[in-house]
Amino acid sequence: MTASPTYSLVIPVYNEEQAIPFLMERLEPAVAQLDGPVEILFVNDGSADRSRPLLEQLAREDRRVKIINLSRNFGHQIAITAGMEHAAGDAIIVMDADLQDPPEIIGEMAHHWRGGFDIVYAQRIERQGESAFKRATASAFYKLVNALSDTAIPLDTGDFRLISRRARDAFMHMPERERFVRGMFAWIGFKQCAVPFVRSARVAGGTKYPLPRMIRLAVNGVISFSDVPLRLVMYIGLAITTFAILYGIWTVIQRLAGAEYVPGWASLFVATVLLTGANMTMLGVIGLYVGRIYTQVKGRPMYLIDSVVSGPAPGEGDPKNQ
């Protein structure tokens, strides 16, 4: 590019060959309304379809486009991190490739950034093409995280947002491997505002966040920003211990009072199962936190890059935004 970019678009891609042509069609007029040079960073997160050759073809035709091919699928949150680490713009816009994040509101987000906001997040006022179950669980997730955490995450937001350079730098100084990006930006603080939008149905292809991955993201969000589950484990353990002590005292009193007492296997079985289940649940919660510590202390890089493909040099081909 002939000038340093004012804006960097970071777009993680995983098996989006059907959506890429539609994305570029709508991205072009949205980018044209911005008041400065633009770079478009596609992070290919180990796609197994034709996404990679399609993206690399875009890079050969447009010098604004840069492709970061990760060595394998590292996950959506890591792909976002990789893109932001390589973004050179003064403002970085993160959006998905499936067009559920509408490029048309990028200009409004940039306007708020010019007005002094460091983080401008897109907030969903309507979710088209999603089942009632998906909407209900998403709402419950945000309420649960906010109830358990000291960091308030804005309701009905995803990872579609614009961040300033200093917010990006603060984000990159957060070293955790298990990342929950929207929570991390809420924790950063700085001056933030929302841009409301209607979340459309996917333009093509299927969701990359089926129920198991959604549950994993939810658990990751809770564990990343709250120690309440650990305290609940302690409270449950104390409650069960107190119940066992009181039940033992009551049994002794019954025997001393001469009350008829018929020991039964059913009560023994129920008590054993109850205590065993509670013990396994508590160990599981503790194990999630210990596992996170284990992942962190190994010190492995968050991602590995297979290749980087940049646009043509000035004067070659028919580049845009010269």
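A residue is called buried when its relative accessible area is under 20%, exposed when over 50%, and partly exposed in between (1.4 Å probe, protein chains only). The model is predicted, so that local features need pLDDT of at least 70 and side-chain atom pairs count only at pLDDT 80 or more, while totals for chains, interfaces and linings use all residues. Residues are numbered from 1 along each chain as its sequence is written, and side-chain values use heavy atoms, with hydrogens and water left out.

Helices (H or I, at least four residues) and strands (E, at least two) are DSSP runs, numbered from the N terminus. In helix α2 (residues 51–61), the buried residues are S51, L55, E56, L58 and A59. These residues lie on the same side of α2, because they cover an arc of only 150 degrees around the axis, the arc being that of the directions from the helix axis to the C-beta atoms. An α-helix has 3.6 residues a turn, so residues three or four places apart point the same way. The buried residues of α2 pack against β1, α1 (20–32), β2 (38–44), β3 (65–70) and β8 (305–310), where contact means heavy atoms within 4.5 Å.

Strand β1 (residues 7–13) also runs parallel to β4, to which four bridges join it; two strands pair if DSSP finds at least two bridges between them. In this pairing, S8 stands opposite I92 of β4. Strand β4 (residues 91–94) is covered on both faces, with A91 and I93 buried on one side and I92 and V94 buried on the other. Four bridges also join β4 to the antiparallel strand β6 (residues 157–164), where R161 is the bridge partner of V94.
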